[in-house]
Amino acid sequence: MASVLLVEDDHVVRGAMLRSLTDRGHAVHAVGTALDALRRVAAETPDLVVLDLGLPDLDGSDALRMLRGITDVPIIIATARDDEQSVVKLLRAGADDYMVKPFTGAHLDARITTVLRRAGRASRTVQPAVHSVGGLRVDVGERSAQLDGESLALTRKEFDLLAYLAARPGRVVSRRELLEEVWRQPSVGEDQTIDVHLYWLRRKMGESAAKPRYLRTVRGVGFRLVAPD
């Protein structure tokens, strides 16, 4: 049995999908807006999200990017859009699978099982690591970070950013790579997301862009994490 968050604004379709998945043994929470989906995921992380694109408050592709900003759980897109360009764009933005309506409950259940099996296999293959750089210690498995023996109170995305850089000490990581690998969204235009998260991360680590210790900016290229001199 999986915990599934169903995001679908059509109450008839939502009811039918909810009944079908519940009958197949899943624990299903159903919401009709992107905002409700974000709230639900932030409060109680499900095993998987089934996301419709035609939501009343936010386009599903934007909702996908926002969800990828706060969670790594598998996301299956369920929509009437079937052009190849849309499929490729959504998969690159972080979707794990894509289903074109209409589809049966049995088909959706099979896709959920396959995606969760794939996600479980990946999590078993990649062992949680502990990264140490100078006095910084990042435990990926426990999702905890310490600096000089003191715990850092980090948000989910602050931790993900720090862990990604700590796993590559001394290496310059580009903005594009961070957006694609940490935020799981394509690099499009001028994005201030990284700057905001780095600002708060630096503050919590007792440093600043003007007086960096661990987090160094390589102008025009990206960022790197190094042990203090």
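Predicted model: local features only at pLDDT ≥ 70, side-chain atom pairs only at ≥ 80, totals over all residues.

Q: Is Tyr199 buried, exposed or partly exposed?
A: Tyr199 counts as partly exposed because its relative accessibility is 46%. Trp200 is also partly exposed, at 40% relative accessibility.

Q: OK, sheets. What's the strand order in the open sheet of 5 strands?
A: The order is S2-S1-S3-S4-S5, and the pairing is parallel. S2 and S5 (97-100) are the edge strands, each pairing on one side only. From one strand to the next, the twist averages 20°.

Q: How many bridges join S3 to S4?
A: There are 4 bridges between S3 and S4 (residues 75-79), and the two strands run parallel. For a landmark, look at Leu51: its bridge partner in S4 is Ile77. Helix H3 packs on this sheet too, where it touches S3 and S4, and its direction makes about 155° with that of S3.

Q: Which strands does H2 lie across?
A: H2 lies across S1, S2 and S3, and it runs at about 160° to S1.

Q: Which residues of H2 are buried?
A: In H2 (residues 34-43), the buried ones are Ala34, Ala37, Leu38 and Val41. Looking down the axis of H2, these fall within an arc of 100°, so they line one face of the helix.

Q: Why would residues spaced like that point the same way?
A: An α-helix has 3.6 residues a turn, so residues three or four places apart point the same way.

Q: What do the buried residues of H2 pack against?
A: They pack against strands S1 (3-7), S2 (27-31) and S3 (48-52), plus helix H3 (60-68). On the other side of H2, Arg39 and Ala43 are exposed.

Q: Switching topic: where is Glu8?
A: Glu8 is in the loop between S1 and helix H1 (11-23).

Q: Buried or exposed, that Glu8?
A: Glu8 is buried, because its relative accessibility is 2% and the cut-off for buried is under 20%. Leaving out residues up to four places away in sequence, Glu8 touches Val13, Arg14, Val31, Gly32, Asp52 and Lys101.

Q: Now the hairpin. How do S6 and S7 run?
A: S6 and S7 (residues 136-139) run antiparallel, joined by 4 bridges. His131 stands opposite Val138 in S7. The hairpin has 2 residues between the strands, and Gly134 takes a positive phi near 60° there.

Q: Which residues are on the covered face of S6?
A: His131 and Val133 are on the covered face of S6 (residues 130-133), while Val130 and Ser132 are on the uncovered one.

Q: Last one: what's the order in the open sheet of 3 strands?
A: That sheet goes S10-S12-S11, with antiparallel pairing. Its edge strands are S10 (173-174) and S11 (215-218), each pairing on one side only. S10 is joined to S12 (residues 222-225) by 2 bridges, and Ser174 stands opposite Gly222 in S12.

Q: Which helix touches S11 and S12?
A: Helix H8 (residues 193-204) packs on the sheet and touches S11 and S12, with its direction at about 145° to that of S11. Helix H6 (residues 156-166) lies across S10, S11 and S12, running at about 75° to S12.

Methods
Residues numbered from 1 in each chain as written. Heavy atoms only, no water. Buried < 20%, exposed > 50% of the residue type's maximum accessible area, 1.4 Å probe, protein only. Arc of directions from axis to C-beta. Contact = heavy atoms within 4.5 Å. Pairing = 2+ DSSP bridges. Axes fitted to C-alpha atoms, helices over the stretch in contact; angles between N-to-C directions.
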